[in-house]
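We will go stop by stop, with something to select at each one.

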Amino acid sequence: MMKDVTNYSHYKEAVIGAVTDLAAEHDDIVFLDADLSSCIGSTSFQKAFPDRFFNCGIAEANMAAVAGGLSSVGLTPFIHSFGCFASRRMYDQLFLSVGYAHRVVHVIGSDPGITAQYNGGTHMPFEDIALMRQIPGMVIVEPSDGMSLYELTKQIYYSGKMSYTRTPRKGITFRYKAEDTITLGKGVELLDGKDCAIVATGALMVDTALAAAKNLKEKGVDVSVVDLHTIRPLDIELIDRLVERCGRMVVCENGRYAGGVGEMIAAHVVRTAPCKMDFMCVGERFGEVGNLKYLAPAFGFTAENLEEKVLGLLK
């Protein structure tokens, strides 16, 4: 069973809570932050384990290199920065000091895509999935609720592999219960329709997919909805099963198509059993300033847009 964390009020509490609980059981765990401890809530880790917390300052690339060094002496670093800095700014150090050196470091990239909201286009990483996919062996997760975020953070540690986690900081959704099963590398089929499969990653997209599915059901369209919480490694068995059953698929991600989840799935499907596909994602554009109420429709991340894509595939 999973730990019930429905008392948490923000995603940041779930991810930091998981790391702190792990650290209480495993003294190899350390936490590094890039002067954003108040933003992600890692001050709670610092209070619990002051000698295992390191504020590396606004020097994200150096933080990644330090994490690689700490891993080389047997420690297991969890490191955090906003997703734009955790991917673009520290990429070379992650690639070489962590990936190439075969070190285990767990990167938390907060506020991915449009969830950066008022921090604006400079802080919206749409390309972080594509970048992390280029590091051999890097596990990539984007949980869709607080329960799965907590559980997958713990499972990532026990996997013994380096990882990148995409998560918003503020707000929280709960769709899973303690008795549910969440397994790293295995997506969850929330609805098992036959007309079209909707594969979504992250809370924003899974919520949108479920809303679209409800509206489509009223129109006589029966869709599958999958929470693809683990982006890499891809759950090939689930994708193949969806293609065989539905023959149509829409992939939804809060990021860019190039190098993203949709392109990854399409590259697999085209080699095995091609099906009709469409994608809800970011095209050739940069981010902008606003709240989610404005940004979601501005980027086409709405249930109505998703319905149109599904109905278009059914024509």
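Start by selecting Ser42, in the loop between α2 (37-40) and α3 (43-48). Helices here are DSSP runs of H or I with at least four residues, strands are E runs of at least two, and both are numbered from the N terminus. This is a predicted model, where local features need pLDDT of at least 70, side-chain atom pairs count only at pLDDT 80 or more, and totals for chains, interfaces and linings use all residues. Residues are numbered from 1 along each chain as its sequence is written, and side-chain values use heavy atoms, with hydrogens and water left out.

Is Ser42 buried or exposed? Its relative accessibility is 0%, so Ser42 counts as buried. Buried means under 20% relative accessible area, exposed means over 50%, and partly exposed is in between (1.4 Å probe, protein chains only). Now show what Ser42 touches: Ile16, Phe31, Asp33, Ser37 and Phe53, not counting residues up to four places away in sequence. Contact means heavy atoms within 4.5 Å.

**Next stop: the rings**

Select Phe31, Phe45, Phe49 and Phe53, which ring pairs link into a cluster. Rings of Phe, Tyr and Trp (its six-membered ring) pair if their centres lie within 6.5 Å; planes under 30 degrees apart are stacked, over 60 edge-to-face, and the rest tilted. By this rule there are nine aromatic pairs. Zoom in on Phe45 and Phe49: their ring centres are 5.3 Å apart and their planes are at 50 degrees, so this pair is tilted. Both Phe45 and Phe49 are buried.

The rule asks for NZ of Lys or CZ of Arg within 6 Å of the ring centre and within 35 degrees of the ring normal. Then jump to Arg285, whose charged end sits over the ring of Phe299, 3.7 Å from its centre.

**Next stop: strand β4**

Select residues 106-110, strand β4. Five of its five residues are buried. In a regular strand, side chains alternate between the two faces of the sheet. Look along β4: His106, Ile108 and Ser110 point one way, and Val107 and Gly109 point the other way.

Which strands flank this stop in the pairing list? Strand β3 (residues 76-82) runs parallel to β4, joined by five bridges. Find Ser81 opposite Gly109. Strand β6 (residues 163-167) also pairs with β4 in the parallel sense, over five bridges. There, Thr165 is the bridge partner of Ile108. Two strands pair if DSSP finds at least two bridges between them.

**Next stop: helix α8**

Select Ser148 in helix α8 (residues 146-159). Its side chain makes a polar contact with the side chain of Asp145 (2.5 Å). A polar contact is a pair of N or O atoms within 3.5 Å; within protein, one must be able to donate a hydrogen and the other to accept it, and residues adjacent in sequence count only if both atoms are side-chain atoms. Move along α8 to Lys154. At 18% relative accessibility, Lys154 counts as buried.

**Last stop: the cores**

Select Met249, Ile265 and Met277, the residues with the most contacts inside the largest nonpolar core, which has 45 residues. Such a core is a set of buried Ala, Val, Leu, Ile, Met, Phe, Trp, Tyr and Cys residues joined through side-chain atoms within 4.5 Å. Apart from it lies another core of 29 residues, including Tyr8, Tyr11, Phe53 and Ile108.
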